[in-house]
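Hi,

Here is the structure I said I would pass on. Have a look at it first, and then read on for what turned up.

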Amino acid sequence: MPNRADLSSTGPAIAAPVADKSGASSGPQAPALGPVEFFRWMWRQLTSMRTALILLFLLAVAAVPGSLIPQERVAPSEVFAFKERNPSLTPVFEWLGMFDLYSSVWFSAIYVLLMLSLVGCIIPRLGVYLRGVRARPPRAPSNLTRLSAYNSWNSDTQVDALAERAREILRGQRRRVEVYDLSDGAVVISAEKGFSREAGNLVFHVSLLVVLVGVAITGLFGFKGAAAVIRGDGFSNTLTQYDEFTPGARYDTADLVPFSFAVDDFEVVWEDSGPGAGTPVDFDATLTVTPELGAAPYTYQLGVNEPLKVGGAAVYLVGHGYAPMVTVRDGDGNVAHDGPVVFLPQDGSFLSYGVIKAPSASPTQLAFEGYFFPTAALDGERGQPYSAFPDALNPVLSLVAFSGDLGLDSGVPQSI
(Lines give C-alpha, C1' and ligand atoms only; values in the text may rest on other atoms or scores of the structure.)
Protein backbone atom coordinates (compact mmCIF):
# COMPACT_ATOMS: atom_id res chain seq x y z
CA MET A 1 0.00 0.00 0.00
CA PRO A 2 1.22 3.48 -0.67
CA ASN A 3 2.08 5.56 2.35
CA ARG A 4 0.69 9.00 3.22
CA ALA A 5 3.41 10.75 1.16
CA ASP A 6 2.61 8.68 -1.94
CA LEU A 7 -1.10 9.48 -1.71
CA SER A 8 -0.55 13.22 -1.46
CA SER A 9 1.93 13.30 -4.31
CA THR A 10 -0.34 11.56 -6.83
CA GLY A 11 -3.19 14.08 -6.62
CA PRO A 12 -3.41 17.46 -8.28
CA ALA A 13 -1.87 20.42 -6.52
CA ILE A 14 -4.49 22.91 -5.27
CA ALA A 15 -3.49 26.35 -4.04
CA ALA A 16 -5.84 27.68 -1.37
CA PRO A 17 -5.55 30.84 0.68
CA VAL A 18 -4.53 30.35 4.30
CA ALA A 19 -6.22 32.41 7.00
CA ASP A 20 -4.32 33.61 10.03
CA LYS A 21 -5.69 33.74 13.55
CA SER A 22 -7.40 37.10 12.92
CA GLY A 23 -9.43 35.62 10.05
CA ALA A 24 -7.75 37.64 7.29
CA SER A 25 -6.81 35.70 4.16
CA SER A 26 -3.12 35.64 3.29
CA GLY A 27 -3.60 33.96 -0.11
CA PRO A 28 -4.11 35.50 -3.58
CA GLN A 29 -7.13 37.82 -3.86
CA ALA A 30 -9.30 38.52 -6.94
CA PRO A 31 -8.57 41.98 -8.32
CA ALA A 32 -11.26 44.61 -7.83
CA LEU A 33 -13.36 45.48 -10.88
CA GLY A 34 -12.26 48.63 -12.62
CA PRO A 35 -14.67 51.03 -14.38
CA VAL A 36 -14.34 49.22 -17.72
CA GLU A 37 -14.80 45.75 -16.21
CA PHE A 38 -17.75 46.93 -14.13
CA PHE A 39 -19.38 48.45 -17.21
CA ARG A 40 -18.90 45.19 -19.14
CA TRP A 41 -20.43 43.20 -16.29
CA MET A 42 -23.43 45.56 -16.14
CA TRP A 43 -23.83 45.39 -19.92
CA ARG A 44 -23.83 41.59 -19.84
CA GLN A 45 -26.49 41.61 -17.14
CA LEU A 46 -28.63 44.13 -19.02
CA THR A 47 -28.41 42.33 -22.37
CA SER A 48 -29.17 38.86 -21.03
CA MET A 49 -32.40 37.19 -22.11
CA ARG A 50 -33.51 36.92 -18.50
CA THR A 51 -33.24 40.69 -18.01
CA ALA A 52 -35.13 41.37 -21.25
CA LEU A 53 -37.99 39.11 -20.15
CA ILE A 54 -38.08 40.76 -16.71
CA LEU A 55 -38.19 44.25 -18.26
CA LEU A 56 -40.90 43.18 -20.71
CA PHE A 57 -42.95 41.83 -17.81
CA LEU A 58 -42.39 45.04 -15.83
CA LEU A 59 -43.46 47.13 -18.83
CA ALA A 60 -46.67 45.14 -19.16
CA VAL A 61 -47.42 45.46 -15.44
CA ALA A 62 -46.53 49.18 -15.45
CA ALA A 63 -48.98 49.78 -18.32
CA VAL A 64 -51.93 48.32 -16.37
CA PRO A 65 -52.65 51.51 -14.33
CA GLY A 66 -52.93 53.42 -17.62
CA SER A 67 -56.05 51.42 -18.48
CA LEU A 68 -57.55 51.76 -14.99
CA ILE A 69 -56.74 55.41 -14.18
CA PRO A 70 -57.95 58.13 -16.61
CA GLN A 71 -55.17 59.82 -18.57
CA GLU A 72 -54.77 63.51 -19.29
CA ARG A 73 -53.99 62.95 -22.95
CA VAL A 74 -57.02 60.73 -23.57
CA ALA A 75 -59.79 61.91 -21.24
CA PRO A 76 -59.02 65.14 -19.36
CA SER A 77 -62.63 65.46 -18.24
CA GLU A 78 -62.48 62.03 -16.60
CA VAL A 79 -59.21 63.01 -14.88
CA PHE A 80 -60.92 66.09 -13.47
CA ALA A 81 -63.84 63.98 -12.21
CA PHE A 82 -61.44 61.41 -10.71
CA LYS A 83 -59.61 64.13 -8.81
CA GLU A 84 -62.90 65.49 -7.47
CA ARG A 85 -63.95 62.03 -6.27
CA ASN A 86 -60.56 61.10 -4.77
CA PRO A 87 -58.96 64.17 -3.19
CA SER A 88 -56.72 62.07 -0.91
CA LEU A 89 -55.28 59.95 -3.74
CA THR A 90 -54.77 62.84 -6.14
CA PRO A 91 -51.48 64.19 -4.67
CA VAL A 92 -49.95 60.70 -4.62
CA PHE A 93 -51.05 59.91 -8.17
CA GLU A 94 -49.78 63.27 -9.43
CA TRP A 95 -46.39 62.66 -7.77
CA LEU A 96 -46.20 59.21 -9.41
CA GLY A 97 -47.34 60.62 -12.77
CA MET A 98 -50.35 58.29 -12.90
CA PHE A 99 -52.47 60.77 -14.87
CA ASP A 100 -49.80 60.90 -17.60
CA LEU A 101 -48.40 57.43 -17.02
CA TYR A 102 -46.74 56.79 -20.37
CA SER A 103 -44.67 59.97 -20.11
CA SER A 104 -43.65 59.47 -16.48
CA VAL A 105 -39.98 59.12 -15.57
CA TRP A 106 -40.24 55.60 -14.16
CA PHE A 107 -42.24 54.24 -17.11
CA SER A 108 -39.82 55.87 -19.57
CA ALA A 109 -36.89 54.33 -17.67
CA ILE A 110 -38.33 50.82 -18.06
CA TYR A 111 -39.03 51.56 -21.72
CA VAL A 112 -35.49 52.75 -22.47
CA LEU A 113 -33.87 49.88 -20.54
CA LEU A 114 -35.98 47.37 -22.46
CA MET A 115 -34.89 48.89 -25.78
CA LEU A 116 -31.22 48.78 -24.75
CA SER A 117 -31.61 45.20 -23.54
CA LEU A 118 -33.21 44.11 -26.81
CA VAL A 119 -30.56 45.85 -28.93
CA GLY A 120 -27.73 44.33 -26.90
CA CYS A 121 -29.40 40.91 -27.04
CA ILE A 122 -30.37 40.89 -30.72
CA ILE A 123 -27.17 42.18 -32.36
CA PRO A 124 -24.81 39.44 -31.04
CA ARG A 125 -27.37 36.71 -31.68
CA LEU A 126 -27.97 38.04 -35.18
CA GLY A 127 -24.24 37.89 -35.90
CA VAL A 128 -24.00 34.31 -34.60
CA TYR A 129 -27.04 33.33 -36.67
CA LEU A 130 -25.68 34.85 -39.89
CA ARG A 131 -22.31 33.13 -39.40
CA GLY A 132 -24.12 29.84 -38.79
CA VAL A 133 -26.23 30.24 -41.94
CA ARG A 134 -23.17 30.97 -44.10
CA ALA A 135 -21.10 28.13 -42.61
CA ARG A 136 -21.03 24.72 -44.29
CA PRO A 137 -22.53 21.78 -42.39
CA PRO A 138 -19.64 20.08 -40.58
CA ARG A 139 -18.18 16.80 -41.78
CA ALA A 140 -19.03 13.62 -39.98
CA PRO A 141 -16.46 12.51 -37.36
CA SER A 142 -13.87 9.97 -38.45
CA ASN A 143 -14.95 7.47 -35.79
CA LEU A 144 -18.67 7.01 -36.40
CA THR A 145 -18.98 4.17 -33.92
CA ARG A 146 -18.94 6.68 -31.07
CA LEU A 147 -22.27 8.14 -32.22
CA SER A 148 -25.39 6.79 -30.53
CA ALA A 149 -27.36 6.77 -33.81
CA TYR A 150 -24.62 5.06 -35.80
CA ASN A 151 -25.59 2.26 -38.17
CA SER A 152 -23.98 0.55 -41.16
CA TRP A 153 -25.03 -1.65 -44.06
CA ASN A 154 -23.64 -2.95 -47.33
CA SER A 155 -24.93 -2.22 -50.82
CA ASP A 156 -23.92 -3.09 -54.36
CA THR A 157 -25.00 0.33 -55.63
CA GLN A 158 -22.35 2.72 -56.78
CA VAL A 159 -21.16 5.31 -54.27
CA ASP A 160 -22.22 8.26 -56.46
CA ALA A 161 -25.74 6.86 -56.85
CA LEU A 162 -26.05 6.28 -53.11
CA ALA A 163 -24.80 9.79 -52.39
CA GLU A 164 -27.31 11.32 -54.82
CA ARG A 165 -30.16 9.31 -53.31
CA ALA A 166 -29.17 10.34 -49.78
CA ARG A 167 -28.95 13.97 -50.84
CA GLU A 168 -32.48 13.86 -52.36
CA ILE A 169 -33.93 12.30 -49.21
CA LEU A 170 -32.27 14.86 -46.93
CA ARG A 171 -33.31 17.81 -49.09
CA GLY A 172 -36.85 16.44 -49.09
CA GLN A 173 -36.72 16.81 -45.30
CA ARG A 174 -35.86 20.52 -45.80
CA ARG A 175 -32.32 20.06 -44.58
CA ARG A 176 -29.29 21.95 -45.80
CA VAL A 177 -27.02 19.38 -47.45
CA GLU A 178 -23.27 19.47 -48.09
CA VAL A 179 -21.35 16.72 -49.93
CA TYR A 180 -17.66 16.07 -49.15
CA ASP A 181 -15.59 14.01 -51.62
CA LEU A 182 -12.67 12.43 -49.79
CA SER A 183 -9.32 11.61 -51.34
CA ASP A 184 -9.83 7.84 -50.99
CA GLY A 185 -13.00 7.90 -53.12
CA ALA A 186 -15.38 7.95 -50.14
CA VAL A 187 -18.25 10.43 -50.01
CA VAL A 188 -19.49 12.12 -46.84
CA ILE A 189 -22.89 13.81 -46.79
CA SER A 190 -23.68 16.23 -43.94
CA ALA A 191 -27.10 17.78 -43.38
CA GLU A 192 -28.58 20.12 -40.79
CA LYS A 193 -31.78 22.03 -40.11
CA GLY A 194 -33.29 24.25 -37.43
CA PHE A 195 -32.26 27.67 -38.74
CA SER A 196 -35.86 28.70 -39.39
CA ARG A 197 -36.71 28.30 -35.70
CA GLU A 198 -33.97 30.72 -34.68
CA ALA A 199 -34.96 33.03 -37.54
CA GLY A 200 -38.52 33.19 -36.20
CA ASN A 201 -37.18 33.99 -32.75
CA LEU A 202 -35.04 36.82 -34.13
CA VAL A 203 -37.87 38.17 -36.27
CA PHE A 204 -40.07 38.35 -33.17
CA HIS A 205 -37.45 40.27 -31.19
CA VAL A 206 -36.67 42.61 -34.10
CA SER A 207 -40.39 43.27 -34.61
CA LEU A 208 -40.80 44.09 -30.92
CA LEU A 209 -37.84 46.46 -31.14
CA VAL A 210 -39.28 48.13 -34.25
CA VAL A 211 -42.59 48.68 -32.44
CA LEU A 212 -40.85 50.19 -29.43
CA VAL A 213 -38.72 52.46 -31.64
CA GLY A 214 -41.79 53.49 -33.65
CA VAL A 215 -43.70 54.42 -30.51
CA ALA A 216 -40.71 56.40 -29.23
CA ILE A 217 -40.30 58.29 -32.52
CA THR A 218 -44.01 59.08 -32.63
CA GLY A 219 -43.88 60.31 -29.05
CA LEU A 220 -40.96 62.61 -29.86
CA PHE A 221 -41.77 63.92 -33.33
CA GLY A 222 -45.54 63.40 -33.57
CA PHE A 223 -48.59 64.75 -31.81
CA LYS A 224 -52.00 63.68 -30.60
CA GLY A 225 -55.07 65.84 -30.68
CA ALA A 226 -58.79 65.42 -30.15
CA ALA A 227 -61.74 67.46 -31.33
CA ALA A 228 -65.48 66.95 -31.12
CA VAL A 229 -66.97 67.87 -34.51
CA ILE A 230 -70.74 68.10 -34.84
CA ARG A 231 -72.51 66.82 -37.93
CA GLY A 232 -72.96 69.74 -40.29
CA ASP A 233 -69.88 71.56 -38.94
CA GLY A 234 -66.26 71.38 -40.04
CA PHE A 235 -62.71 71.20 -38.77
CA SER A 236 -59.56 73.00 -39.84
CA ASN A 237 -56.19 71.57 -38.82
CA THR A 238 -55.05 74.52 -36.72
CA LEU A 239 -54.10 74.58 -33.06
CA THR A 240 -57.19 76.54 -31.97
CA GLN A 241 -59.54 73.93 -33.46
CA TYR A 242 -58.43 71.17 -31.08
CA ASP A 243 -60.21 70.50 -27.79
CA GLU A 244 -56.98 68.94 -26.54
CA PHE A 245 -53.56 68.89 -28.14
CA THR A 246 -50.45 67.03 -26.96
CA PRO A 247 -47.33 67.59 -29.09
CA GLY A 248 -44.21 65.46 -28.88
CA ALA A 249 -41.06 66.81 -27.28
CA ARG A 250 -39.58 67.62 -30.71
CA TYR A 251 -42.73 68.58 -32.58
CA ASP A 252 -43.27 72.10 -33.92
CA THR A 253 -46.89 73.20 -34.27
CA ALA A 254 -45.88 75.19 -37.36
CA ASP A 255 -45.62 71.81 -39.15
CA LEU A 256 -49.38 71.13 -38.93
CA VAL A 257 -50.70 70.03 -42.31
CA PRO A 258 -53.10 72.74 -43.61
CA PHE A 259 -56.13 70.56 -44.42
CA SER A 260 -59.79 70.88 -43.49
CA PHE A 261 -62.96 68.83 -43.72
CA ALA A 262 -66.70 69.12 -43.17
CA VAL A 263 -68.86 66.40 -41.59
CA ASP A 264 -71.74 65.92 -44.02
CA ASP A 265 -73.35 62.93 -42.33
CA PHE A 266 -72.84 60.46 -39.49
CA GLU A 267 -74.48 57.06 -39.11
CA VAL A 268 -74.50 54.51 -36.28
CA VAL A 269 -75.74 50.92 -36.48
CA TRP A 270 -76.74 49.47 -33.09
CA GLU A 271 -77.15 45.86 -32.04
CA ASP A 272 -80.82 45.84 -31.02
CA SER A 273 -81.23 42.30 -29.65
CA GLY A 274 -79.39 39.46 -27.97
CA PRO A 275 -76.68 39.65 -25.32
CA GLY A 276 -74.91 42.42 -27.25
CA ALA A 277 -77.93 44.72 -27.43
CA GLY A 278 -76.89 48.36 -27.29
CA THR A 279 -73.43 47.76 -28.77
CA PRO A 280 -72.48 49.91 -31.77
CA VAL A 281 -71.96 47.49 -34.65
CA ASP A 282 -70.57 50.17 -36.94
CA PHE A 283 -70.33 53.93 -37.15
CA ASP A 284 -68.85 56.11 -39.85
CA ALA A 285 -68.85 59.69 -41.06
CA THR A 286 -69.13 61.13 -44.56
CA LEU A 287 -66.56 63.91 -45.00
CA THR A 288 -65.82 66.53 -47.60
CA VAL A 289 -62.04 66.95 -47.44
CA THR A 290 -59.95 69.86 -48.70
CA PRO A 291 -56.31 68.67 -48.60
CA GLU A 292 -54.84 72.19 -48.79
CA LEU A 293 -55.84 75.77 -49.41
CA GLY A 294 -57.20 76.16 -52.93
CA ALA A 295 -57.22 72.41 -53.67
CA ALA A 296 -60.27 70.62 -55.05
CA PRO A 297 -62.33 68.94 -52.29
CA TYR A 298 -63.20 65.25 -52.35
CA THR A 299 -65.53 62.93 -50.43
CA TYR A 300 -64.19 60.41 -47.93
CA GLN A 301 -65.94 57.79 -45.81
CA LEU A 302 -64.29 57.91 -42.38
CA GLY A 303 -64.61 54.59 -40.55
CA VAL A 304 -63.27 53.01 -37.39
CA ASN A 305 -60.44 51.22 -39.19
CA GLU A 306 -60.31 53.56 -42.18
CA PRO A 307 -58.55 56.76 -41.06
CA LEU A 308 -58.25 59.83 -43.24
CA LYS A 309 -54.61 60.41 -44.21
CA VAL A 310 -53.55 63.81 -45.55
CA GLY A 311 -49.92 64.85 -45.97
CA GLY A 312 -48.53 62.71 -43.16
CA ALA A 313 -51.40 63.46 -40.75
CA ALA A 314 -54.03 60.86 -39.91
CA VAL A 315 -57.58 61.48 -38.65
CA TYR A 316 -59.19 58.64 -36.69
CA LEU A 317 -62.81 58.19 -35.69
CA VAL A 318 -62.44 57.18 -32.04
CA GLY A 319 -65.88 57.85 -30.60
CA HIS A 320 -69.25 59.47 -30.96
CA GLY A 321 -72.01 61.01 -28.89
CA TYR A 322 -74.92 63.42 -28.93
CA ALA A 323 -75.16 67.20 -29.34
CA PRO A 324 -78.79 68.24 -28.65
CA MET A 325 -80.13 71.36 -30.39
CA VAL A 326 -80.90 73.87 -27.63
CA THR A 327 -82.55 77.29 -27.79
CA VAL A 328 -82.30 79.57 -24.74
CA ARG A 329 -84.39 82.74 -24.35
CA ASP A 330 -83.51 85.27 -21.67
CA GLY A 331 -85.78 87.32 -19.41
CA ASP A 332 -86.35 89.88 -22.16
CA GLY A 333 -87.54 87.19 -24.57
CA ASN A 334 -84.45 87.39 -26.78
CA VAL A 335 -82.60 84.33 -28.04
CA ALA A 336 -79.42 84.08 -25.95
CA HIS A 337 -78.27 80.75 -27.36
CA ASP A 338 -79.35 78.67 -30.33
CA GLY A 339 -77.45 75.65 -31.61
CA PRO A 340 -76.06 72.22 -30.82
CA VAL A 341 -74.28 71.54 -27.53
CA VAL A 342 -71.90 68.60 -27.07
CA PHE A 343 -72.89 66.26 -24.22
CA LEU A 344 -70.28 63.77 -23.03
CA PRO A 345 -71.30 60.07 -22.74
CA GLN A 346 -71.04 58.69 -19.20
CA ASP A 347 -71.81 54.98 -19.74
CA GLY A 348 -72.67 52.37 -22.34
CA SER A 349 -76.27 53.56 -22.60
CA PHE A 350 -74.93 56.97 -23.72
CA LEU A 351 -76.41 58.80 -20.77
CA SER A 352 -74.62 62.09 -21.44
CA TYR A 353 -73.62 65.04 -19.27
CA GLY A 354 -73.38 68.59 -20.52
CA VAL A 355 -73.36 72.29 -19.69
CA ILE A 356 -75.02 75.13 -21.61
CA LYS A 357 -73.78 78.71 -21.15
CA ALA A 358 -75.60 81.85 -22.30
CA PRO A 359 -73.34 84.80 -21.43
CA SER A 360 -75.31 87.22 -23.65
CA ALA A 361 -78.57 86.67 -21.74
CA SER A 362 -80.23 89.72 -20.20
CA PRO A 363 -80.78 91.03 -17.57
CA THR A 364 -78.41 88.36 -16.15
CA GLN A 365 -76.29 85.59 -17.60
CA LEU A 366 -77.75 82.07 -17.70
CA ALA A 367 -76.31 78.59 -17.51
CA PHE A 368 -77.74 75.07 -17.51
CA GLU A 369 -76.35 71.77 -16.30
CA GLY A 370 -77.89 68.36 -16.81
CA TYR A 371 -78.17 65.06 -18.59
CA PHE A 372 -79.33 63.84 -21.97
CA PHE A 373 -81.20 60.51 -22.05
CA PRO A 374 -81.23 58.97 -25.58
CA THR A 375 -83.97 56.49 -24.62
CA ALA A 376 -85.45 57.85 -21.41
CA ALA A 377 -87.10 55.46 -18.95
CA LEU A 378 -87.98 55.44 -15.25
CA ASP A 379 -86.75 53.02 -12.64
CA GLY A 380 -89.93 51.38 -11.29
CA GLU A 381 -88.61 50.97 -7.73
CA ARG A 382 -86.79 54.25 -7.17
CA GLY A 383 -88.53 56.37 -9.79
CA GLN A 384 -85.21 57.68 -11.12
CA PRO A 385 -84.69 58.33 -14.84
CA TYR A 386 -82.14 56.38 -16.85
CA SER A 387 -81.32 55.62 -20.47
CA ALA A 388 -82.57 52.18 -21.53
CA PHE A 389 -80.83 52.15 -24.95
CA PRO A 390 -78.04 54.21 -26.54
CA ASP A 391 -80.03 55.05 -29.68
CA ALA A 392 -82.20 58.18 -29.61
CA LEU A 393 -85.54 56.35 -29.46
CA ASN A 394 -87.08 58.52 -26.70
CA PRO A 395 -84.72 61.49 -26.21
CA VAL A 396 -85.17 63.60 -23.07
CA LEU A 397 -83.03 66.52 -21.86
CA SER A 398 -83.06 67.17 -18.10
CA LEU A 399 -81.50 70.47 -16.97
CA VAL A 400 -80.97 72.56 -13.86
CA ALA A 401 -80.94 76.33 -14.49
CA PHE A 402 -78.55 78.88 -12.97
CA SER A 403 -78.48 82.68 -13.22
CA GLY A 404 -75.72 85.12 -12.35
CA ASP A 405 -72.17 85.95 -13.37
CA LEU A 406 -70.60 83.00 -15.22
CA GLY A 407 -67.08 84.26 -14.51
CA LEU A 408 -66.04 84.06 -18.15
CA ASP A 409 -64.16 87.38 -17.85
CA SER A 410 -62.09 86.28 -14.84
CA GLY A 411 -59.29 84.81 -16.96
CA VAL A 412 -59.58 81.42 -15.25
CA PRO A 413 -59.99 78.56 -17.79
CA GLN A 414 -63.23 76.60 -17.50
CA SER A 415 -64.39 73.20 -18.60
CA ILE A 416 -67.00 73.11 -21.33
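Let me start with Phe 39, which is exposed, with a relative accessible area of 56%. Bear in mind throughout that this is a predicted model. Phe 39 sits in helix α2, and anything over 50% relative accessible area counts as exposed, so at 56% Phe 39 falls in that class. Along the chain, Phe 39 and Ala 336 are 297 residues apart, and their C-alpha atoms are separated by 70 Å.

Together with Trp 43, Val 112, Leu 113 and Leu 116 it forms a nonpolar patch, and the five residues have about 460 Å² of accessible area together. Which helices supply the patch? Both α2 and α6 put in at least two residues each, and the largest share, 3 residues, is from α6.

That brings me to α6 itself. Helix α6 is 30 residues long, and from its first C-alpha to its last it reaches 43 Å, close to the 44 Å expected at 1.5 Å a residue.

The buried residues of α3 are Thr 51, Ala 52, Leu 55, Leu 59, Ala 62, Pro 65 and Gly 66. They cover an arc of only 130 degrees around the axis, which puts them on the same side of α3. As for what the buried residues of α3 pack against, the list is α2 (35-46), α6 (105-134) and α8 (195-221).

Now for the charged pairs. How many salt bridges does the structure hold? There are 5, and I'll go through some of them here.

One is between the side chains of Lys 83 and Glu 94, at 3.1 Å from N to O. Lys 83 belongs to helix α4 (residues 76-85) and Glu 94 to helix α5 (residues 90-96), so this pair ties together parts that are 11 residues apart in sequence. Both ends are in the middle class for accessibility: Lys 83 is partly exposed at a relative accessible area of 26%, and Glu 94 is partly exposed at 45%.

Another joins Glu 192 to Arg 176, with the closest N and O atoms 2.3 Å apart. This pair links distant parts of the chain, with Glu 192 in strand β2 and Arg 176 in strand β1 (residues 176-181), 16 residues apart. Here too the residues are partly exposed, Glu 192 with a relative accessible area of 21% and Arg 176 with 24%.

Then there is Asp 265 with Arg 231, whose side chains meet in a salt bridge of 3.5 Å, N to O. Asp 265 lies in strand β6 (residues 260-270), and Arg 231 in the loop between β3 (223-226) and β4 (234-236), so the pair ties together parts that are 34 residues apart in sequence. Asp 265 counts as partly exposed at 28% relative accessibility, whereas Arg 231 is exposed at 53%.

Is Ser 190 buried or exposed? Ser 190 lies in strand β2 (residues 187-192) and is buried, with a relative accessible area of 6%. Leaving out residues up to four places away in sequence, Ser 190 touches Pro 137, Pro 138, Arg 139, Ala 140, Arg 176, Val 177, Glu 178 and Tyr 180.

Cheers

Key
Residues are numbered from 1 along each chain as its sequence is written. This is a predicted model: local features need pLDDT of at least 70, side-chain atom pairs count only at pLDDT 80 or more; totals for chains, interfaces and linings use all residues. Side-chain values use heavy atoms; hydrogens and water are left out. Buried means under 20% relative accessible area, exposed over 50%, partly exposed in between (1.4 Å probe, protein chains only). Helices (H or I, at least four residues) and strands (E, at least two) are DSSP runs, numbered from the N terminus. The arc is that of the directions from the helix axis to the C-beta atoms. Contact means heavy atoms within 4.5 Å. Patches are made of residues with over 30% relative accessible area and no salt bridge: like charges are joined within 9 Å, nonpolar side chains (Val, Leu, Ile, Met, Phe, Trp, Tyr) within 5 Å. Accessible areas come from the Shrake-Rupley method with a 1.4 Å probe; for residues, only the protein chains shown count as cover. A salt bridge is a side-chain nitrogen of Lys or Arg within 4 Å of a carboxyl oxygen of Asp or Glu. The expected span of a helix is 1.5 Å times one less than its number of residues.
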